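Reader: I would like to learn how to read sheets and cavities in a model. Please take one case and go through it.

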Amino acid sequence: MRRHLCLLWGLLLACVGGASAQPETLRIATGELPPYASSARADQGMSLHIVRQAFAKAGVQVEYVFLPWTRALVETRDGKWDATAAWGRNAERDKGLLVSDNVLTEQWQILYRSDRNFTWSSLQDLAGLRIGVVADYSYTPAFWRMVKDGTLRADVAPDDVSNLNKLLAGRVDVVPLDRNVACDLLGAKFTGEQARRVRAHPKLFVPDFTTHLMMSEKLPASAKRMEAFNRGLKALRQSGEYGKILQQQPCAADLAQALQGG
(Lines give C-alpha, C1' and ligand atoms only; values in the text may rest on other atoms or scores of the structure.)
Protein backbone atom coordinates (compact mmCIF):
# COMPACT_ATOMS: atom_id res chain seq x y z
CA MET A 1 0.00 0.00 0.00
CA ARG A 2 2.79 2.39 0.95
CA ARG A 3 4.54 1.67 -2.38
CA HIS A 4 1.32 2.45 -4.27
CA LEU A 5 0.87 5.71 -2.37
CA CYS A 6 4.41 6.76 -3.22
CA LEU A 7 3.82 6.01 -6.89
CA LEU A 8 0.60 8.00 -6.89
CA TRP A 9 2.31 10.91 -5.13
CA GLY A 10 5.13 10.82 -7.67
CA LEU A 11 2.65 10.88 -10.55
CA LEU A 12 0.81 13.81 -8.97
CA LEU A 13 4.04 15.79 -8.60
CA ALA A 14 4.97 15.02 -12.18
CA CYS A 15 1.59 16.27 -13.40
CA VAL A 16 1.86 19.45 -11.36
CA GLY A 17 5.41 20.02 -12.58
CA GLY A 18 4.37 19.42 -16.18
CA ALA A 19 1.50 21.87 -15.88
CA SER A 20 3.71 24.56 -14.38
CA ALA A 21 6.18 24.14 -17.26
CA GLN A 22 3.59 25.15 -19.83
CA PRO A 23 4.60 28.41 -21.57
CA GLU A 24 2.64 31.56 -20.80
CA THR A 25 0.25 32.71 -23.54
CA LEU A 26 -0.26 36.44 -24.03
CA ARG A 27 -3.23 37.95 -25.85
CA ILE A 28 -2.10 40.74 -28.14
CA ALA A 29 -4.54 43.18 -29.76
CA THR A 30 -3.74 44.38 -33.25
CA GLY A 31 -5.33 45.61 -36.47
CA GLU A 32 -5.17 44.97 -40.20
CA LEU A 33 -2.16 46.43 -42.02
CA PRO A 34 -0.89 43.97 -44.65
CA PRO A 35 1.84 42.88 -45.03
CA TYR A 36 2.80 43.78 -41.45
CA ALA A 37 -0.38 42.62 -39.69
CA SER A 38 -3.02 40.52 -41.42
CA SER A 39 -5.46 37.85 -40.30
CA ALA A 40 -5.43 36.53 -43.90
CA ARG A 41 -1.73 35.63 -43.93
CA ALA A 42 -0.44 32.32 -42.60
CA ASP A 43 2.18 34.14 -40.52
CA GLN A 44 -0.35 36.89 -39.62
CA GLY A 45 2.05 39.49 -41.05
CA MET A 46 5.74 40.34 -40.93
CA SER A 47 5.58 42.50 -37.79
CA LEU A 48 3.37 40.07 -35.91
CA HIS A 49 5.60 37.16 -36.93
CA ILE A 50 8.62 39.03 -35.52
CA VAL A 51 6.74 39.67 -32.27
CA ARG A 52 5.71 35.99 -32.05
CA GLN A 53 9.24 34.72 -32.67
CA ALA A 54 10.78 37.22 -30.25
CA PHE A 55 8.43 36.07 -27.48
CA ALA A 56 9.16 32.44 -28.40
CA LYS A 57 12.85 33.12 -27.70
CA ALA A 58 11.72 34.13 -24.20
CA GLY A 59 9.53 31.02 -23.79
CA VAL A 60 6.24 32.88 -24.23
CA GLN A 61 3.41 32.09 -26.65
CA VAL A 62 1.13 34.69 -28.19
CA GLU A 63 -2.42 34.82 -29.50
CA TYR A 64 -3.51 37.72 -31.73
CA VAL A 65 -6.91 39.40 -31.58
CA PHE A 66 -7.71 41.58 -34.61
CA LEU A 67 -9.67 44.74 -33.82
CA PRO A 68 -10.04 48.27 -35.20
CA TRP A 69 -6.72 49.96 -34.42
CA THR A 70 -8.09 52.60 -32.06
CA ARG A 71 -10.02 50.02 -30.06
CA ALA A 72 -6.94 47.80 -29.82
CA LEU A 73 -4.95 50.69 -28.36
CA VAL A 74 -7.62 51.94 -25.95
CA GLU A 75 -8.45 48.48 -24.60
CA THR A 76 -4.77 47.60 -24.19
CA ARG A 77 -4.13 50.83 -22.27
CA ASP A 78 -7.07 49.91 -20.01
CA GLY A 79 -5.52 46.50 -19.35
CA LYS A 80 -7.97 44.29 -21.24
CA TRP A 81 -5.21 42.84 -23.45
CA ASP A 82 -1.66 41.91 -22.52
CA ALA A 83 -0.15 43.99 -25.34
CA THR A 84 -0.81 45.63 -28.69
CA ALA A 85 1.34 45.59 -31.84
CA ALA A 86 2.77 47.20 -33.83
CA TRP A 87 2.66 50.98 -33.46
CA GLY A 88 4.70 54.00 -34.48
CA ARG A 89 5.71 56.42 -31.75
CA ASN A 90 3.45 59.25 -30.61
CA ALA A 91 4.34 60.86 -27.28
CA GLU A 92 0.79 61.98 -26.51
CA ARG A 93 -0.92 58.76 -27.54
CA ASP A 94 1.66 56.50 -25.86
CA LYS A 95 0.88 57.80 -22.34
CA GLY A 96 0.06 54.98 -19.94
CA LEU A 97 1.91 52.43 -22.08
CA LEU A 98 5.30 50.75 -21.96
CA VAL A 99 7.00 50.84 -25.36
CA SER A 100 9.32 48.11 -26.66
CA ASP A 101 12.52 48.31 -28.66
CA ASN A 102 12.06 48.69 -32.41
CA VAL A 103 10.18 45.74 -33.93
CA LEU A 104 10.51 46.86 -37.56
CA THR A 105 11.37 50.07 -39.42
CA GLU A 106 8.81 51.03 -42.05
CA GLN A 107 9.63 53.01 -45.21
CA TRP A 108 7.03 55.76 -45.53
CA GLN A 109 6.86 57.71 -48.79
CA ILE A 110 4.41 60.07 -50.46
CA LEU A 111 2.36 58.54 -53.26
CA TYR A 112 1.02 60.58 -56.18
CA ARG A 113 -0.47 59.93 -59.62
CA SER A 114 1.90 59.34 -62.51
CA ASP A 115 0.14 61.97 -64.64
CA ARG A 116 1.05 64.71 -62.14
CA ASN A 117 4.33 66.45 -61.42
CA PHE A 118 5.13 66.28 -57.73
CA THR A 119 8.19 67.06 -55.66
CA TRP A 120 8.75 68.08 -52.07
CA SER A 121 11.55 68.72 -49.58
CA SER A 122 9.66 69.79 -46.44
CA LEU A 123 6.16 69.50 -45.01
CA GLN A 124 5.56 73.13 -45.92
CA ASP A 125 5.69 72.08 -49.58
CA LEU A 126 2.51 70.05 -49.02
CA ALA A 127 0.49 73.14 -48.11
CA GLY A 128 -2.42 73.59 -50.50
CA LEU A 129 -2.54 69.90 -51.43
CA ARG A 130 -5.30 67.50 -50.42
CA ILE A 131 -3.52 64.85 -48.34
CA GLY A 132 -5.20 61.48 -47.89
CA VAL A 133 -4.72 60.22 -44.32
CA VAL A 134 -6.06 57.64 -41.87
CA ALA A 135 -6.99 59.19 -38.53
CA ASP A 136 -5.40 56.48 -36.33
CA TYR A 137 -1.97 56.63 -38.01
CA SER A 138 1.10 58.14 -36.35
CA TYR A 139 2.72 59.91 -39.32
CA THR A 140 4.82 62.49 -37.42
CA PRO A 141 4.02 64.91 -34.57
CA ALA A 142 5.01 67.82 -36.85
CA PHE A 143 2.60 66.64 -39.53
CA TRP A 144 -0.35 66.49 -37.13
CA ARG A 145 0.54 69.88 -35.63
CA MET A 146 0.43 71.43 -39.09
CA VAL A 147 -2.90 69.75 -39.79
CA LYS A 148 -4.29 71.05 -36.50
CA ASP A 149 -3.18 74.64 -37.12
CA GLY A 150 -4.56 74.59 -40.65
CA THR A 151 -1.25 74.70 -42.52
CA LEU A 152 -1.91 71.29 -44.07
CA ARG A 153 -5.20 69.96 -45.37
CA ALA A 154 -5.91 66.37 -44.31
CA ASP A 155 -8.64 64.39 -46.03
CA VAL A 156 -9.46 61.56 -43.61
CA ALA A 157 -10.43 58.07 -44.81
CA PRO A 158 -11.14 54.90 -42.82
CA ASP A 159 -8.29 52.92 -44.42
CA ASP A 160 -5.50 52.87 -46.99
CA VAL A 161 -7.57 51.30 -49.77
CA SER A 162 -10.02 54.18 -49.54
CA ASN A 163 -7.17 56.67 -49.78
CA LEU A 164 -5.70 54.95 -52.83
CA ASN A 165 -9.11 55.00 -54.51
CA LYS A 166 -9.36 58.72 -53.75
CA LEU A 167 -5.89 59.26 -55.20
CA LEU A 168 -6.75 57.46 -58.42
CA ALA A 169 -10.04 59.36 -58.70
CA GLY A 170 -8.34 62.73 -58.17
CA ARG A 171 -10.13 63.41 -54.90
CA VAL A 172 -6.81 63.74 -53.06
CA ASP A 173 -3.44 64.83 -54.43
CA VAL A 174 -1.04 62.77 -52.33
CA VAL A 175 -1.12 59.88 -49.86
CA PRO A 176 1.63 59.15 -47.29
CA LEU A 177 2.01 55.37 -47.09
CA ASP A 178 4.60 52.74 -46.27
CA ARG A 179 6.26 51.22 -49.34
CA ASN A 180 5.47 47.59 -48.46
CA VAL A 181 1.85 48.41 -47.58
CA ALA A 182 1.46 50.26 -50.89
CA CYS A 183 2.97 47.35 -52.79
CA ASP A 184 0.71 44.82 -51.07
CA LEU A 185 -2.47 46.83 -51.59
CA LEU A 186 -1.78 47.87 -55.19
CA GLY A 187 -1.00 44.28 -56.10
CA ALA A 188 -3.98 42.76 -54.31
CA LYS A 189 -6.77 45.33 -54.50
CA PHE A 190 -6.20 47.15 -57.82
CA THR A 191 -5.79 46.29 -61.48
CA GLY A 192 -2.41 46.48 -63.17
CA GLU A 193 -3.53 49.59 -65.05
CA GLN A 194 -4.52 51.30 -61.82
CA ALA A 195 -1.31 50.32 -60.05
CA ARG A 196 0.79 51.73 -62.89
CA ARG A 197 -0.82 55.13 -62.34
CA VAL A 198 0.72 55.43 -58.88
CA ARG A 199 4.22 56.68 -58.15
CA ALA A 200 6.21 57.26 -54.96
CA HIS A 201 8.51 60.19 -54.32
CA PRO A 202 11.99 58.92 -53.34
CA LYS A 203 12.28 61.18 -50.28
CA LEU A 204 11.08 59.36 -47.18
CA PHE A 205 8.06 60.96 -45.54
CA VAL A 206 9.36 59.78 -42.17
CA PRO A 207 13.15 59.30 -42.00
CA ASP A 208 13.08 56.66 -39.23
CA PHE A 209 9.59 55.23 -38.72
CA THR A 210 10.14 52.60 -36.02
CA THR A 211 7.28 50.39 -34.83
CA HIS A 212 6.77 48.89 -31.38
CA LEU A 213 4.96 46.50 -29.09
CA MET A 214 3.16 48.30 -26.27
CA MET A 215 1.84 47.15 -22.89
CA SER A 216 -0.36 48.81 -20.28
CA GLU A 217 1.31 50.30 -17.23
CA LYS A 218 -1.78 49.18 -15.29
CA LEU A 219 -0.85 45.48 -15.52
CA PRO A 220 1.68 44.43 -12.84
CA ALA A 221 3.30 41.87 -15.15
CA SER A 222 3.93 44.32 -18.01
CA ALA A 223 7.42 45.43 -17.00
CA LYS A 224 8.85 41.91 -16.76
CA ARG A 225 7.05 40.83 -19.92
CA MET A 226 8.49 43.79 -21.80
CA GLU A 227 11.99 42.97 -20.57
CA ALA A 228 11.51 39.38 -21.79
CA PHE A 229 10.26 40.58 -25.17
CA ASN A 230 13.20 42.93 -25.69
CA ARG A 231 15.63 40.13 -24.81
CA GLY A 232 13.89 37.82 -27.25
CA LEU A 233 13.90 40.47 -29.97
CA LYS A 234 17.64 40.98 -29.54
CA ALA A 235 18.22 37.23 -29.73
CA LEU A 236 16.07 37.01 -32.86
CA ARG A 237 18.18 39.65 -34.58
CA GLN A 238 21.44 37.99 -33.56
CA SER A 239 20.28 34.58 -34.78
CA GLY A 240 19.75 35.77 -38.36
CA GLU A 241 16.06 34.81 -38.29
CA TYR A 242 15.01 38.45 -38.15
CA GLY A 243 16.65 39.27 -41.47
CA LYS A 244 15.03 36.28 -43.16
CA ILE A 245 11.56 37.45 -42.04
CA LEU A 246 12.15 40.86 -43.61
CA GLN A 247 12.95 39.21 -46.93
CA GLN A 248 9.56 37.47 -47.11
CA GLN A 249 7.68 40.42 -48.65
CA PRO A 250 7.38 39.86 -52.42
CA CYS A 251 6.64 42.79 -54.72
CA ALA A 252 6.10 42.62 -58.48
CA ALA A 253 9.04 44.10 -60.39
CA ASP A 254 7.04 46.93 -61.97
CA LEU A 255 5.49 47.90 -58.65
CA ALA A 256 8.81 47.72 -56.86
CA GLN A 257 10.39 50.01 -59.43
CA ALA A 258 7.60 52.58 -59.20
CA LEU A 259 7.64 52.52 -55.40
CA GLN A 260 11.39 52.97 -55.19
CA GLY A 261 10.59 56.55 -56.16
CA GLY A 262 10.52 58.39 -59.43
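**Cavities and a sheet**

Author: Start with the largest cavity: the residues of its lining divide into seven nonpolar, two polar and three charged. Here Ala, Val, Leu, Ile, Met, Phe, Trp, Tyr, Cys and Pro count as nonpolar, Asp, Glu, Lys and Arg as charged, and the others, Gly among them, as polar. This is a predicted model, in which local features need pLDDT of at least 70 and side-chain atom pairs count only at pLDDT 80 or more, while totals for chains, interfaces and linings use all residues. Residues are numbered from 1 along each chain as its sequence is written, and side-chain values use heavy atoms, with hydrogens and water left out.

Reader: How many cavities of 30 Å³ or more does the count come to?

Author: Rolling a probe the size of a water molecule over the atoms shows where empty space is left. A cavity is a set of points, on a 1 Å grid over the protein atoms alone, where a 1.4 Å probe fits but cannot get out; lining residues have an atom within 4 Å of a point. Points are joined across faces, edges and corners, and a volume is the space filled by probe spheres set on them. The count comes to two cavities of 30 Å³ or more.

Reader: Which residues line the largest cavity, and which strand gives the largest share of its lining?

Author: Among them are Trp69, Trp87, Arg93, Asp136 and Phe209. Strand β3 (residues 83-88) gives the largest share, three residues. Helices (H or I, at least four residues) and strands (E, at least two) are DSSP runs, numbered from the N terminus.

Reader: What lines the second largest cavity?

Author: Its lining includes Tyr36, Ser47, Leu48 and Ala85. Both α2 (46-57) and β3 give two or more residues to this lining, which divides into seven nonpolar, one polar and one charged.

Reader: In what order do the strands of the open sheet lie?

Author: Strands of a sheet pair through backbone hydrogen bonds, either parallel or antiparallel. Two strands pair if DSSP finds at least two bridges between them. This open sheet has three strands in the order β9-β6-β10, with antiparallel pairing. At its edges are β9 (175-178) and β10 (198-200), each pairing on one side only.

Reader: How many bridges join β6 to β9?

Author: Four bridges join β6 (residues 108-113) to β9. Tryptophan 108 has aspartate 178 in β9 as its bridge partner.

Methods
On a 1 Å grid over the protein atoms alone, a cavity is a set of points where a 1.4 Å probe fits but cannot get out, and a pocket is an open set with protein on both sides within 12 Å along at least five of seven lines; lining residues have an atom within 4 Å of a point.
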